[in-house]
Amino acid sequence: MNDPARASGPHDSTRPDDTTAPADAPSGSPDPGASPQPGSSLVTTDVLVVGAGPTGLLLAGDLAAAGLSVTLAERRPHGISNMTRAFAVHARTLEMLDTRGLADELIKRGTTLDRMNMFGQVAFDMSRLRSRFPFMLVAPQFETEQLLERRALAAGVQFRYEHELLSLRQDREGVSAELRDATGGPAVTVRSRYAVGTDGVHSAVRSQLGLPFPGRSVIRSIVLADVRLTEEPKTPLTLVGSRDSFVVIAPFGDGYHRVMGWNRKHQVPDTEPVGLDELRAITRDATGSDHGMHDARWISRFHSDERQSPSYRVGRILLAGDAAHVHSPAGGQGMNTGLQDAANLSWKLTAVLRGHTSDAEALLDSYEAERHPVGATVLRTSGALLRIAMAHAPWQRAGRSLLVRFLRTARPAATKAMGMISGVGISYPAERGAHPLAGTRAPDLDLAEGRLYEALRQGEFVLVTARDGGDPAPEGVVGAHWRSGRTTTLLVRPDGYVAWASEQPDAAGLHAALHRWTGRV
């Protein structure tokens with residue numbers, strides 16, 4: 001799945017024979033490849049993360065919380081918003097934040113919505129999601145970033161704002177990166193054991209790897225703003241369209257609404273000036289009213305691409321978030337997908353660097369094997385939602401109405417669609433013959449010791465067994481027991497997915513699973 005020959009660039013012809021340092025290698029230790037460039041200072045670290053958006057902040061915070069040394073480089077100055085467009089935090093992302101003790105605080109900073117109105121009909125009733133969070137949270141991206149940055153700082157992440165990646169090279173022992181200090185300080189050579197690019201659609205890391213980013217622009221001249229409304233929409237979360245326009249309106253809960261609008265007849269470059277009058281006109285065309293919008297705290301114009309890197313890993317360098325995939329804003333899945341990339345990758349890098357895995361290469365390869373198909377699915381689903389919104393011909397709009405009506409009345413189809421958009425329906429491939437639960441998301445189980453997601457806050461595997469039996473969990477694995485009389489044995493990964501399960505006592509199977517996934521018995 002991760003053959004570097006799939007890439008096209010200077011690092012793609014061969015993978016280092018030994019991409020994993022010995023388990024007893026000192027954390028962040030210098031090595032023969034660590035010599036700085038002339039005039040540069042040298043920094044050694046376990047992992048270099050490039051890009052301090054939500055994906056990079058979560059990944060860096062996880063790694064540092066596990067006791068690893070982490071350097072996070074970001075070309076922007078600290079405190080300057082990059083004006084990204086994310087506002088939706090879906091159920092699976094909230095579950096993931098709950099396992100880090102952050103969900104409840106973030107919910108207080110936004111507003112929760114359990115229904116989505118599409119073209120005059122309730123298409124998605126999220127209150128039916130089987131989750132502690134049966135809703136979508138509307139919160140500005142900077143609120144998510146603030147919580148993740150605070151956690152990363154507390155865990156010991158070393159931030160280097162205003163540092164731009166100039167070059168990146170890897171060898172058998174690690175990765176060397178050259179960073180330029182935009183403040184005029186000396187250049188920095190960062191020597192790390194692994195590096196991860198979370199630096200967005202124009203990723204310098206991906207460029208250094210020579211990886212292509214195939215795809216295309218799918219929509220131009222979307223206008224986006226946070227505004228106040230004199231007249232509230234009839235439903236809080238609304239997607240509505242006319243023959244030539246569509247608009248999405250969502251409340252933040254602080255008096256402002258996120259409004260995103262598009263008009264087929266006004267397609268201009270992103271650099272064209274944009275004002276509130278343009279968004280008012282789009283909204284009137286789509287809804288019949290501009291809802292008295294005023295007092296925009298910011299407004300911008302953007303276009304949307306659908307692109308995905310063919311590989312998420314080349315040797316010791318990996319990609320996550322928008323550096324690996326980018327898609328339309330329909331469904332609000334972008335930031336959520338990136339955060340879930342980070343959750344999948346962080347525990348695997350931690351296990352490799354701690355020496356807690358029986359096969360480091362296979363574990364790192366599983367990151368791409370699991371997350372690349374998810375990225376491809378998100379491209380398809382968000383693209384389909386966008387094309388539904390852009391329907392123009394009478395037959396297209398009639399088909400759109402039929403589809404929305406179908407989703408409203410056909411509960412299994414709506415449940416499956418909500419599961420994919422919210423993330424709670426995503427699962428990973430399991431070995432042939434494995435228990436049906438293997439690879440699926442573990443819900444927040446009720447345990448004798450509390451909730452499963454509270455147990456996962458330790459960042460380790462959790463072994464769930466019957467109340468009155470089972471050997472104690474090995475060192476480094478959290479032991480827990482069913483509160484009920486259930487006897488199923490579950491081994492739950494740090495990212496909340498089931499690694500192994502059995503309905504009957506199976507000491508040999510559990511022994512093999514523990515060895516495979518944790519390197520312990």
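1. Helix α7 gives the largest share of the second largest cavity's lining, 3 residues. Helices (H or I, at least four residues) and strands (E, at least two) are DSSP runs, numbered from the N terminus. This is a predicted model: local features need pLDDT of at least 70, side-chain atom pairs count only at pLDDT 80 or more, and totals for chains, interfaces and linings use all residues. Residues are numbered from 1 along each chain as its sequence is written, and side-chain values use heavy atoms, leaving out hydrogens and water.

2. A cavity is a set of points on a 1 Å grid over the protein atoms alone where a 1.4 Å probe fits but cannot get out; lining residues have an atom within 4 Å of a point. Grid points are joined across faces, edges and corners, and a volume is the space filled by probe spheres set on the points. The structure has 5 cavities of 30 Å³ or more.

3. The largest cavity holds about 390 Å³. Its lining has 23 residues, and Met116, Pro329, Ala330, Gly331 and Gly332 are the closest to its centre. Strands β5 and β14 and helices α8 and α10 each supply at least two lining residues. By class, 19 are nonpolar, 4 polar and none charged. Here Ala, Val, Leu, Ile, Met, Phe, Trp, Tyr, Cys and Pro count as nonpolar, Asp, Glu, Lys and Arg as charged, and the others, Gly among them, as polar.

4. The second largest cavity holds about 80 Å³. Its lining has 5 nonpolar, 3 polar and 3 charged residues.

5. Asn263 lies in strand β15 (residues 257-263).

Notes. 1 Å grid on protein atoms, 1.4 Å probe; cavity = no way out; pocket = protein on both sides within 12 Å on 5 of 7 lines; lining within 4 Å.
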